[in-house]
Amino acid sequence: MPNGLGTGAPATAGWQVVAVDRCADDPALPYRLGSRAELDAVAACDPAAVAVAVADTRDPDALAAAVRLAEERWGGLDAAIAAAGVIAGGVPAWQVPPGQEQAVLDIDLGGVLTLARVAVPALLRRPEPRRGRFLAVASAAATRGLPMLAAYGAAKAGVAGFIRALAAELGGTGVTANAVSPGSTATPILDESARLYGLPAADAFAAQQPLGRLLDPAEVAAVLVFLAGDGASAMTGAVVAVDGGLAL
């Protein structure tokens with residue numbers, strides 16, 4: 001089985017996984033984040049194939065420890081997925097509290113850079129011919145201007161740019177870099193988006209997607225699983241829209 005590490009990892013899908021989460025709220029953000037109980041529930045789906053690690057994506061030492069866990073337990077790292085994300089806004093960019101803005105930039109963009117810093121060397125430690133994968137979650141907000149979510153859009157645009165540059169840097173190594181760009185997906189972060197926009201519920205976002213509904217997180221995870229597999233061997237530097245047509 002291939003071995004992967006994900007900050008906010010999907011179900012195993014045949015992989016051996018180190019699932020990573022902060023497991024605590026952030027004092028800069030006015031809503032609940034993931035808990036240790038939720039992280040443990042991921043491991044409970046397949047205890048033989050899932051290990052867990054508690055780490056903030058802003059902490060390179062903690063992420064490096066998670067990478068070492070994958071290498072020590074399963075002999076190496078084949079894929080890393082940067083999926084941790086938060087949101088803040090609801091007011092014009094110049095009125096967003098600085099602490100909230102910094103949290104969005106540091107987690108949504110900085111977390112991807114930090115994971116790459118500690119995970120790419122591990123991917124490159126695999127023997128040739130290697131087939132490593134570095135994956136990240138961008139957003140339709142990377143290309144579509146969303147009012148009152150400027151920091152989030154800036155961070156996600158940065159993720160897309162970073163993935164393209166990283167793919168060029170990894171050329172010829174056997175390691176690729178790609179991202180997915182989801183639209184409105186039924187997750188707690190979309191519930192917070194609805195609150196920021198003063199909407200009664202997240203379902204209201206379905207109307208802006210030609211698909212006519214919110215995405216299921218499993219639909220986004222399925223594309224990440226594809227990008228992590230051998231079928232995506234010819235793809236690098238791609239930012240794949242999984243957005244129900246939102247970018248249209």
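Glutamine 16 lies in strand β2, which covers residues 16-21. In this predicted model, glutamine 16 has a relative accessibility of 16% and therefore counts as buried, the cut-off being under 20%. Alanine 80 is 64 residues away from glutamine 16 in sequence, and the two C-alpha atoms are 12 Å apart in space.

The overall dimensions can be taken next. The C-alpha trace of the chain spans about 50 × 35 × 30 Å along its principal axes. The radius of gyration is 17 Å, which agrees with the value near 18 Å that a compact globule of 248 residues would have. Of these 248 residues, 48% count as buried. Among the contacts in the chain with a separation of 6 or more, 70% are between residues 24 or more positions apart.

One helix pair shows how elements of the chain pack. Two packed helices are described by the angle between their axes and the distance between the axes. For helix α3 (residues 98-124) and helix α4 (residues 150-169), the axes come within 7 Å and cross at roughly 15 degrees. Because angles under 35 degrees count as roughly parallel, α3 is roughly parallel to α4. The crossing of α3 and α4 is right-handed.

The α3 side of this contact consists of Glu101, Val104, Leu105, Asp108, Leu109, Val112, Leu113, Ala116 and Val120. These residues meet Ala151, Tyr152, Ala155, Lys156, Gly158, Val159, Phe162 and Leu166 in α4.

The last stop is strand β7, residues 239-242, where valine 242 lies. Valine 242 counts as buried because its relative accessibility is 12%. Which residues is valine 242 in contact with, leaving aside its neighbours within four places in sequence? They are Val180, Ser181, Pro182, Gly183, Leu215, Glu219, Val220 and Val223. Aspartate 46 is 196 residues from valine 242 along the chain, and their C-alpha atoms are separated by 27 Å.

Terms used. Residues numbered from 1 in each chain as written. Predicted model: local features only at pLDDT ≥ 70, side-chain atom pairs only at ≥ 80, totals over all residues. Heavy atoms only, no water. Axes fitted to C-alpha atoms, helices over the stretch in contact; angles between N-to-C directions. Helix = DSSP H or I, 4+ residues; strand = E, 2+ residues; numbered from the N terminus. Parallel < 35°, antiparallel > 145°, perpendicular 65-115°, else oblique. Left-handed = near helix turned anticlockwise from the far one by under 90°. Contact = heavy atoms within 4.5 Å. Rg over C-alpha atoms; globule rule 2.2 N^0.38 Å. Buried < 20%, exposed > 50% of the residue type's maximum accessible area, 1.4 Å probe, protein only.
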